Amino acid sequence: MASPWDELTLSFSHTSMFPFFDIAHYFVSVMALKRQPGATAEARKNPVSSWITAMLHCFGGGILSCVLLAEPPLKFLANNTNVLLASSIWYIIFFCPYDLVSQGYSFLPVQLLAVGMKEVTRTWKIVGGVTHANSYYKNGWIVMIAIGWARGAGGSIVTNFEQLIKGSWKPQAYEWLKMSYPAKVTLLGSVIFTFQHTNHLAISKHNLMFLYTMFLVATKITMVITETATVPFAPFEDTLSRILFGWQQQFCEKRSEAKPSFTGTVSSTSKPVADASEKAKKKHAKKTE
């Protein structure tokens with residue numbers, strides 16, 4: 001007989017994302033788009049462009065994973081229900097009278113509920129990406145990690161290309177140059193679920209899904225409440241970076257400290273030589289006189 005914990009985690013792993021969790025994902029994604037400078041004016045001036053950008057925010061991870069697996073990038077359009085649902089949310093957020101939807105989203109409890117439900121969908125996307133990649137490349141764990149990462153956090157990468165086309169792209173906002181919290185935590189989850197899928201991690205899938213999702217929800221809600229963008233595991237990153245790459249930096253610092261002392265000794269020893277050469281020149285000049 002299964003324990004209550006196993007029954008809880010197993011039933012949680014069978015939770016359907018449609019429609020409520022998908023609605024939360026679309027809502028948070030489109031609200032992030034609207035908060036960008038000039039997004040509201042762009043939606044009223046060119047609604048088609050705004051709608052395409054919103055769809056990239058909502059389905060960017062699926063588009064990027066399809067590109068990496070040589071599948072049709074517009075495969076998400078085959079799901080008419082989700083596209084219509086995301087389009088409806090885009091419309092009511094940008095064109096609701098008196099901006100009532102945005103004002104309702106400004107309440108903290110609503111934000112916490114929405115971002116928490118969105119993080120649940122991230123787990124399902126990572127697991128779906130890892131499983132889908134395994135169907136193409138059996139136990140190809142590098143490909144599985146890449147596809148799980150792309151499906152879980154590929155929206156920010158795809159929107160960077162969209163900004164590049166529009167001419168509003170900034171190098172400092174590029175996801176590969178400066179990874180955000182969603183990209184980092186999704187990469188971590190993709191690695192963990194890949195190891196679990198290839199039987200390198202001794203934990204059941206439903207238990208891992210529950211624990212990882214609770215970690216995502218707790219950290220994200222904490223970041224929203226405290227209004228900070230600091231990654232929770234930043235100290236671990238610093239420690240690991242010093243262990244793996246810090247020795248080279250220390251070696252370079254020691255070399256840079258040794259160079260001034262060496263040049264200083266050379267300059268000090270060169271002074272008597274210069275004085276001796278000047279004295280010899282003066283003696284030679286007196287003899288010629």
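1. C96 has a relative accessible area of 18%. The cut-off for buried is under 20%, so C96 counts as buried. Keep in mind that this is a predicted model.

2. Now take C66. Its relative accessible area is 7%. C66 is therefore buried as well, since 7% is under 20%.

3. How many disulfides does the model have? The count comes to zero. A disulfide is a covalent bond between the sulfur atoms of two cysteines. The rule used here asks for a pair of cysteine sulfur atoms within 2.5 Å. By that rule, no disulfide is found.

4. Next, the fold. Which kinds of element build the chain, and how many of each? There are eleven helices and zero strands. Read from the N terminus, the order is α-α-α-α-α-α-α-α-α-α-α. As you trace the model, you will step from helix to helix, with no strand on the way.

5. Look at how the chain meets itself. Take the contacts between residues at least 6 apart in sequence. Of these, 74% join residues at least 24 apart.

6. G116 gives you a place to look. This glycine sits in helix α7. Is G116 buried or exposed? With a relative accessible area of 8%, G116 is buried, because that value is under 20%. Now find M214. G116 and M214 are 98 residues apart along the chain. Their C-alpha atoms are separated by 9.3 Å.

7. Turn to the chain as a whole. It has 289 residues, and buried ones make up 38% of them. The accessible surface comes to about 17,700 Å². Carbon and sulfur atoms hold 67% of that surface.

8. The largest cavity holds about 40 Å³ of space. Two elements give two or more residues to its lining: α7 (108-136) and α9 (181-197). Helix α7 is also the helix that holds G116.

9. Which residues line the largest cavity? They are V127, V130, T131, F193, Q196, H197 and K205. The lining divides into three nonpolar residues, three polar and one charged. Pick these residues out in the model to see where the cavity lies.

Methods
Residues numbered from 1 in each chain as written. Predicted model: local features only at pLDDT ≥ 70, side-chain atom pairs only at ≥ 80, totals over all residues. Heavy atoms only, no water. Buried < 20%, exposed > 50% of the residue type's maximum accessible area, 1.4 Å probe, protein only. Helix = DSSP H or I, 4+ residues; strand = E, 2+ residues; numbered from the N terminus. Contact = heavy atoms within 4.5 Å. Areas by Shrake-Rupley, 256 points an atom, 1.4 Å probe, with all protein chains shown as cover. 1 Å grid on protein atoms, 1.4 Å probe; cavity = no way out; pocket = protein on both sides within 12 Å on 5 of 7 lines; lining within 4 Å. Points joined across faces, edges and corners; volume = space filled by probe spheres on them. Nonpolar A, V, L, I, M, F, W, Y, C, P; charged D, E, K, R; others polar.
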